[in-house]
Amino acid sequence: MKLEKALKEYRKALNNGDMHAYLVNSCYDRCRHCYVGTVSENSSRAKHIDTDNFLHFVGLMKQDNDNKINVALSGGDPLLHPEIVKILDYLSPISNLEILTSGFALSVRNTRNRREILEALDKSKASFMIASPNEPYHSITWQDVKEIKRYIEEQGFNPNKFGYPSRSSDIVQKVLARTLPPGWIGYLIDKFSKGNKMPRVIAIGRAKNLPEEQHLKGNRECDIFSNPNQIYLNYNGNLQYCLYTCHDGFMNINELRGINNKQEAIGIVLDRLSRDPTFQDIIKLDTCYFADEIRKKSEVEEVRDKEVNILEEGR
């Protein structure tokens, strides 16, 4: 019964078509609260989702849906995807697009396609969640924001369209950072910037992986499938059970490349999901799969990745 209910709920998410895609595992930043094992933008270990597979999958999910689907892009920093302009051009007319970014793609750090990304973002009419400057959780500074806004204006665009913050929100952040309990984890959507209608995100707290936090608090129930509302897709092209990267997923979307009918694709996805051993464990135990042995393995891998990053960035 649990399995049937979970599959029914996941079918709803697939029919709905809304998704959150981690396009890359590379990023300009090293956020302490990030639950994705990111690498630097120039790392030899940088990976990205296959563009054609991704756009084909999005097209399948858009079928039989007269309204725009909701698509969130993150990573890593999704604007580091080598074909991000092509992706934005495809998504713009069919989706309500939200982009979670470090904010550096329009800065001098981007020596590859700064202008092209600016043009694509302007045309996309996306909403943005951009790291907050001058706080302990991100490396972007007010000086960076000033330079970026100046560049946007010099290129003939309105900087208020791109989600970069104003100093008026700095007070809000400092007050909340002092009043919230230590160890509180989460994102605060800041809507106090009057000159900018786009949402921003402020991360507050020591911010580890949410499943780990649930484990420490003794709350290990997995409620992802009781009310799913999005499809989660990682940079390898694997469909994930939920937002968090505790597990690498249960199916790669390249298996749907020859499928052009949405309901046929949904049938294949549900069949693969129902036979996945990890998914069966989650349903059987009603427990977040971020179990002790998985958590310890993740911690070892995290230390190893940090050591490799330090060596690469020191070259």
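The exercises below, each with a worked solution, concern a predicted model.

**Exercise 1.** Determine which residues of helix α3 (residues 84-91) are buried, and where they lie as seen down the axis of α3.

*Solution.* Begin with the burial of the side chains: in α3, the residues Ile84, Ile87, Leu88 and Leu91 are buried. Next, look down the axis of α3, where these buried residues fall within an arc of 95 degrees, so they line one face of the helix. Finally, ask what this face packs against: the partners of the buried residues are α2 (51-62), β4 (69-74), β5 (95-101) and α4 (114-124).

**Exercise 2.** Classify the orientation of α2 relative to α3, and describe the contact by residue and by class.

*Solution.* The axes of α2 and α3 are 11 Å apart, and the two helices pack at an angle of about 10 degrees. Angles under 35 degrees count as roughly parallel, and α2 and α3 are therefore roughly parallel to each other. On the α2 side the contact is made by Thr51, Asp52, Phe54, Leu55, Val58 and Gly59, and on the α3 side by Lys86, Ile87, Tyr90 and Leu91. Sorted by class, this contact of α2 with α3 holds six nonpolar, two polar and two charged residues.

**Exercise 3.** Carry out the corresponding analysis for α3 and α4.

*Solution.* Here the helices pack at an angle of about 10 degrees, with axes 9 Å apart, and α3 and α4 are therefore roughly parallel to each other. In the contact, Ile84, Val85, Leu88 and Asp89 of α3 meet Glu116, Ile117, Ala120, Leu121 and Lys123 of α4. By class, the contact of α3 with α4 has six nonpolar, no polar and three charged residues.

**Exercise 4.** Describe the side-chain directions in strand β1 (residues 19-22) and identify the strands with which β1 pairs.

*Solution.* Turning to the partners, β1 pairs with β4 in the parallel sense over four bridges, and in β4 the bridge partner of Ala21 is Leu73. With strand β9 (residues 231-233), β1 pairs in the parallel sense over three bridges, and there the bridge partner of His20 is Tyr232.

**Exercise 5.** Locate Val36, and decide whether Val36 is buried or exposed.

*Solution.* Val36 sits in the loop between β2 (26-27) and β3 (39-40). Its relative accessible area is 9%, and buried means under 20%, so Val36 is buried. Although Val36 and Gly75 are 39 residues apart along the chain, their C-alpha atoms are separated by 7.6 Å.

Terms used: Residues numbered from 1 in each chain as written. Predicted model: local features only at pLDDT ≥ 70, side-chain atom pairs only at ≥ 80, totals over all residues. Heavy atoms only, no water. Buried < 20%, exposed > 50% of the residue type's maximum accessible area, 1.4 Å probe, protein only. Arc of directions from axis to C-beta. Contact = heavy atoms within 4.5 Å. Axes fitted to C-alpha atoms, helices over the stretch in contact; angles between N-to-C directions. Parallel < 35°, antiparallel > 145°, perpendicular 65-115°, else oblique. Nonpolar A, V, L, I, M, F, W, Y, C, P; charged D, E, K, R; others polar. Pairing = 2+ DSSP bridges.
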